[in-house]
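Biologist: I would like to go through this model with you. Keep it brisk, please.

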Amino acid sequence: MKIRRIYAENYKTYRKLDLNLEVTDDRPIILIGGANGCGKTTLFDAIYSALYGLEIKNKRQFEEIFNAGVKNEEGMDRKNIVLEVTFTGVVLGKTTPYKLKRSYTLMDGSVRESVELNMDGNRFIYGSGSTAAQRNTNEEIVNKIIAANLPRELSNYFLFDAMKTSELVKEEQINKLIMKNINSVMGFNKYSRLRSMSEALLAEKKAAKLENELQRKDYENLQRQKAEKEAELLHKKEEYSQALAYANEHREMYNRAKEGRDDDDVMRDKIRQIEQNLRDFDKKEADYRQEADGIARELESKVLFPKLADMVRGEVELILNEKSRIAAEHSNDLTNSQIERVTNDVVDYLKTHHFGIGRIDVPAIVSYLIAHKNDGKKSDDKYPNLSDTDVKVLGDLVKAAYVNPFVMLDEKRTGLNLEIDELPHRRKQLNEFRQTLLGADYSIIEMYESNDKNTKELKFAIDQLTKEIEALSKKIATYDYDIPQVPDPQYDMLCKLPDFFKSLSVKLLAAKKASIERMMRDQLNINLVIYAGYIGRVELSAGNADEISFKIYHKNGNEIYLSQLNAGAKQTVMQVLLKVLYELGDYDPPVMIDTVMGVLDKESREVILEQYFPDLAHQTILLSTDTEITTERDFKKVEAYVARTYTLHRDKEQQCTTVSEDYFGEQLMD
């Protein structure tokens with residue numbers, strides 16, 4: 001199966017979408033880019049819904065998926081949602097073209113559906129206006145054609161969101177997943193159906209051969225009981241599988257809820273933390289504005305003075321050096337206060353020891369000494385007009401440690417801009433946490449424990465039904481003795497068929513199992529970066545498909561437990577399983593992956609890009625953001641394998657998505 005084109009009209013974010021998705025053998029990849037919220041997942045849903053249909057039960061559901069821009073402009077009555085997928089599939093060795101169109105129209109408050117399949121010129125149409133017989137006949141034909149190309153129950157393995165794959169790699173799920181895939185994707189379920197059909201036909205033949213009418217009725221009654229028990233067992237197993245899946249998905253929520261009010265405290269802490277973050281941002285913003293205003297007011301001292309100091313630094317250094325030299329030459333001179341003190345001491349001494357000395361004018365002596373203290377010393381001061389105060393000011397000007405305030409201010413601005421981008425998310429989180437706290441209940445505990453109880457009851461019921469079916473089989477087998485041993489080649493062949501199909505299934509499973517193990521080991525050694533080259537073996541349990549389990553072993557012999565792998569490694573395991581199933585399975589569908597890199601790290605991304613995507617399938621549609629497959633580095637690695645590129649753009653005003661033929665501006669090289 002290859003998807004050639006997808007057309008959508010008025011579907012969610014798309015007013016009109018018309019994409020050519022044709023690929024070639026040497027270029028099997030369609031690369032579709034778009035930022036989050038631009039319509040990648042909606043495109044994914046459009047292809048899925050075009051194949052399998054929408055379930056629109058009322059006007060409300062119709063309005064929810066109808067394009068909002070068109071709704072606002074034109075109203076809703078008699079408006080259509082159209083999904084159309086064109087694809088090719090191989091039927092009896094011949095490639096056949098198909099065009100499947102699904103239309104949904106709102107008329108007088110109710111939704112009318114119309115389906116048309118054009119198979120190589122043959123048209124099959126049904127819808128709300130069809131007669132019951134016409135609808136049943138054509139709908140059955142359409143469903144059979146789709147199932148022949150890609151059954152709906154298998155679509156999730158080939159059309160999937162990579163972000164969710166790691167959730168499947170859990171002990172309770174992956175074994176069932178592999179078992180289901182081996183049964184369905186690889187076609188082993190057909191042998192079970194053939195075995196069941198041959199058993200049913202054999203039962204009819206046995207009943208016809210019983211001569212005693214009472215025996216025949218008892219035999220038919222036992223067969224009917226057995227068939228009812230088997231149908232009930234199948235239903236119980238499906239319920240049990242769903243119950244296990246529910247428990248697996250909700251275990252963490254249950255454990256958190258089980259902790260009681262601690263969850264409320266955690267939620268309140270988160271609310272307080274976000275509120276504090278918002279207050280901190282407001283303070284940072286206010287401080288930034290205040291600092292910016294301060295720099296503007298002090299422009300002279302913050303900017304002009306540093307610039308001036310830098311310009312005159314050389315000249316000022318000369319002045320300071322000269323003044324230091326002169327100061328050093330006069331370092332032994334007495335200061336004026338010292339002269340005054342020494343003069344007073346000398347006069348006091350003379351008066352004490354020489355009584356004939358009369359009045360002495362000390363101030364006049366001090367003034368004289370100060371006035372003549374530099375007599376006889378030649379002064380060559382080049383800057384006599386600069387006082388000591390002037391020299392100090394000049395020294396402070398050039399020696400001050402200036403910091404450009406604009407650098408720090410710009411860093412703060414950059415940080416604030418980053419926080420501004422996060423504000424809507426934080427406020428949304430805050431509202432969600434507040435609403436959660438207001439509406440908090442612990443119903444998850446009741447639902448989880450009810451499911452746990454139901455799981456145990458289902459397990460018990462399955463065991464009981466299995467025993468009852470075995471007992472009925474033994475009773476039925478006793479009637480073989482009452483059947484006349486008349487030669488009947490057809491009957492003899494029927495007796496052998498159930499065991500033949502069972503034996504054939506087991507033998508084919510053993511051969512397929514070896515292929516799966518070998519291919520998964522080789523692919524994990526390439527793609528599972530954290531153990532690349534060190535996977536010793538992959539082991540699927542022996543026996544029938546109902547008992548399959550999956551294990552990975554290191555070359556040293558120890559098991560690599562799936563539960564211990566990180567989310568990126570789990571995603572890789574699931575993608576490798578997908579590739580193996582694709583290679584060995586009975587179906588040949590396109591592979592479509594949303595959020596292609598999911599939670600992979602840089603090294604794993606490079607391996608997946610270079611080793612995985614190029615030969616994954618004959619048609620691979622990748623939906624990616626520019627942070628997953630980057631334009632700078634990653635695009636070039638896959639370009640040689642890409643047939644077409646598209647970028648989705650969100651028009652906020654028109655509330656729709658538009659498409660350009662590039663990958664975030666990058667064009668394919670011819």
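Biologist: Is H554 buried or exposed?

Modeller: The cut-offs are relative accessible area under 20% for buried, over 50% for exposed, and partly exposed in between, with a 1.4 Å probe and protein chains only. H554 has 14% relative accessibility, so H554 counts as buried.

Biologist: What are the ground rules for these values?

Modeller: This is a predicted model, where local features need pLDDT of at least 70, side-chain atom pairs count only at pLDDT 80 or more, and totals for chains, interfaces and linings use all residues. Side-chain values use heavy atoms, with hydrogens and water left out, and residues are numbered from 1 along each chain as its sequence is written.

Biologist: Which residues is H554 in contact with, leaving aside neighbours within four places in sequence?

Modeller: H554 lies in strand β10, residues 550–554. Strands (E, at least two residues) and helices (H or I, at least four) are DSSP runs numbered from the N terminus. Contact means heavy atoms within 4.5 Å. With those neighbours set aside, the partners of H554 are Y531, Y534, G536 and I560.

Biologist: At what angle do α12 and α13 cross?

Modeller: Axes are lines fitted to C-alpha atoms, for helices over the stretch in contact, and angles run from 0 to 180 degrees between N-to-C directions. Helix α12 spans residues 336–353 and helix α13 residues 362–371. Their axes come within 10 Å and cross at roughly 135°.

Biologist: Why is α12 called oblique to α13?

Modeller: Under 35 degrees is roughly parallel, over 145 roughly antiparallel, 65 to 115 roughly perpendicular, and the rest oblique. The crossing is at roughly 135°. That angle makes α12, relative to α13, oblique.

Biologist: Which residues make the contact between α18 and α19?

Modeller: Helix α18 (residues 567–584) packs on helix α19 (residues 602–612) at about 10°, with axes 12 Å apart. This makes the two helices, α18 and α19, roughly parallel. The contact residues are Q575, V576, L578 and K579 of α18, with I608, Q611 and Y612 of α19.

Biologist: How many disulfides does the structure hold?

Modeller: A disulfide here is a pair of cysteine sulfur atoms within 2.5 Å. C38 counts as buried at 10% relative accessibility, and C656 counts as buried at 7%. The number of disulfides in the structure is 0.

Biologist: What share of the protein chain is buried?

Modeller: The chain's secondary structure comes to 20 helices and 15 strands. Of its 670 residues, the buried share is 39%.
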